[in-house]
Amino acid sequence: MKGNFLQLQCDHFKVIWERHTEFTRYTIIQSLPGNAHWGSQLPELAIHVATGVDWLKNIPGKTITAIQLAMFNEGMDDPDSIFKAKQWLGHGTVIGGTLGRTTGDQPHSHLITNLRIGDDGFVRMLVLTSAGTSENRAGRVAQRLLELETYRIMALLSLPIAKQLSSKLFEAEAQLVDITARIEKNSDSDEVLLNHLASLAAQVESATAEHSYRFSAASAYDAIVRERISEMREKPLSGIQTMGEYIQRRLAPAVATVNATSERLEALAERVARASALLRTRVEIAAEAHNQELLEKLTRGQALQLQLQTTVEGLSVAAITYYVVSLLYYLTKAAKAYGINLNPEMVAGFSAPVVLVCSWLLIRKIHRNFRGM
């Protein structure tokens, strides 16, 4: 056993287990039961599975697809092959074709199926090969057909999600149109519009995160289906539609719907982002205008403060001069009382201009020192 593959060879049958990214495939290879010979009518197969019916029922997980693929080394040249195949497959319109070309320019096998789920829950496929078909070629044919049907179903898993998401996208697009119109008319505040846009962006981002992988996987599975159809080199059988054409005509619209929904989701996300950028630009312009207004008010306030400061400085010079001259006046009176011949009024009068100039120079020097810090 390797990491993603296990093959068990049991008595009279083989079990192959394969683990893929999103699903696990169980393949049981065994001989057909005696009642399922070529030409029999809707033979019972499920109850004859080599592993037992209970083993199939107890496989963990959900069943994506269940296929019964039967191969006969006869019937290619039978003129009643289509009629017998209808009997073997059961009700439903059959489809199929010739597969591949050999060196003799002849198909190496015929494929006939109706792709209908029977009462036992299985889809039946019938492959008629030539008598000389090797086991390797038979294995390649079986593998391609099983993969074709499996990946077809896996690709279709995205269709219900796309249909469900379509209505939500319609509502989100209508909301975006309404918000854009309100932005244009400027009928609501920017804060309210930003809140609505943020809510819408969160919804779109949530849907993108939830479904983007599923949509990408659908495109990948569709590419694999197309590749497998090409590898079969299928040609039509007389009177019936080829399986490749049948699948492409029904799978292509589903995949187109899924791709359109994915592109619609991406486009909506881009439109929401552009609307958000537009509204943010408007908010930034309004904020810049408000800041400009604040700066102008601040500039006017600083001018008034400067004028007030100049006035205060003048008053300060006068006050300092007054107190210093008063101090000299009282000192001179004290000296005269002590016996020194000085006239206080004259000393005060002559010292006032000197003190005034010195005070003014001192204050200017203090201002220069503060500006230099």
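Author: Let us begin with the term itself: a salt bridge is a side-chain nitrogen of Lys or Arg within 4 Å of a carboxyl oxygen of Asp or Glu. The model shown here is predicted.

Reader: How many salt bridges does the structure hold?

Author: Side chains of opposite charge can pair when their charged atoms come close. In this structure there are 14 salt bridges. One of them joins E147 to R228, with 2.5 Å between the closest N and O atoms.

Reader: Which helices do E147 and R228 lie in?

Author: E147 belongs to helix α3 and R228 to helix α5, so this pair ties together parts that are 81 residues apart in sequence.

Reader: Are E147 and R228 buried or exposed?

Author: The cut-off needed here is that buried means under 20% relative accessible area. E147 counts as buried because its relative accessibility is 8%. R228 has a relative accessible area of 14%, so R228 is buried.

Reader: Which residue does E149 pair with?

Author: E149 forms a salt bridge with R152, and their closest N and O atoms are 2.8 Å apart. Both residues lie in helix α3, three residues apart, which is about one turn of the helix. E149 is buried, with a relative accessible area of 1%, and R152 also counts as buried, at 15% relative accessibility.

Reader: Which residues are linked with R228 in a network of salt bridges?

Author: The network links R228 with E18, R25, R144, E147, E227 and E231. Within helix α5, E231 and R228 are three residues apart, about one turn of the helix. Their closest N and O atoms are 3.8 Å apart. E231 is partly exposed, with a relative accessible area of 29%.

Reader: Let us turn to the nonpolar side chains. How many residues has the largest nonpolar core?

Author: In soluble globular proteins, nonpolar side chains tend to be buried together. Here the largest nonpolar core has 25 residues, and L145, M243 and I247 have the most contacts inside it. Strands β5, β6 and β7 and helices α3, α5 and α6 each supply at least two residues of this core. Helix α3 gives the most, with seven residues.

Reader: Which residues does L145 touch?

Author: Leaving aside residues up to four places away in sequence, L145 touches L69, L111, M125, V127, M232 and M243. Apart from this core lies another, of 20 residues, including L176, L197, A218 and L279.

Definitions and conventions:
Residues are numbered from 1 along each chain as its sequence is written. This is a predicted model: local features need pLDDT of at least 70, side-chain atom pairs count only at pLDDT 80 or more; totals for chains, interfaces and linings use all residues. Side-chain values use heavy atoms; hydrogens and water are left out. A nonpolar core is a set of buried Ala, Val, Leu, Ile, Met, Phe, Trp, Tyr and Cys residues joined through side-chain atoms within 4.5 Å. Buried means under 20% relative accessible area, exposed over 50%, partly exposed in between (1.4 Å probe, protein chains only). Helices (H or I, at least four residues) and strands (E, at least two) are DSSP runs, numbered from the N terminus. Contact means heavy atoms within 4.5 Å.
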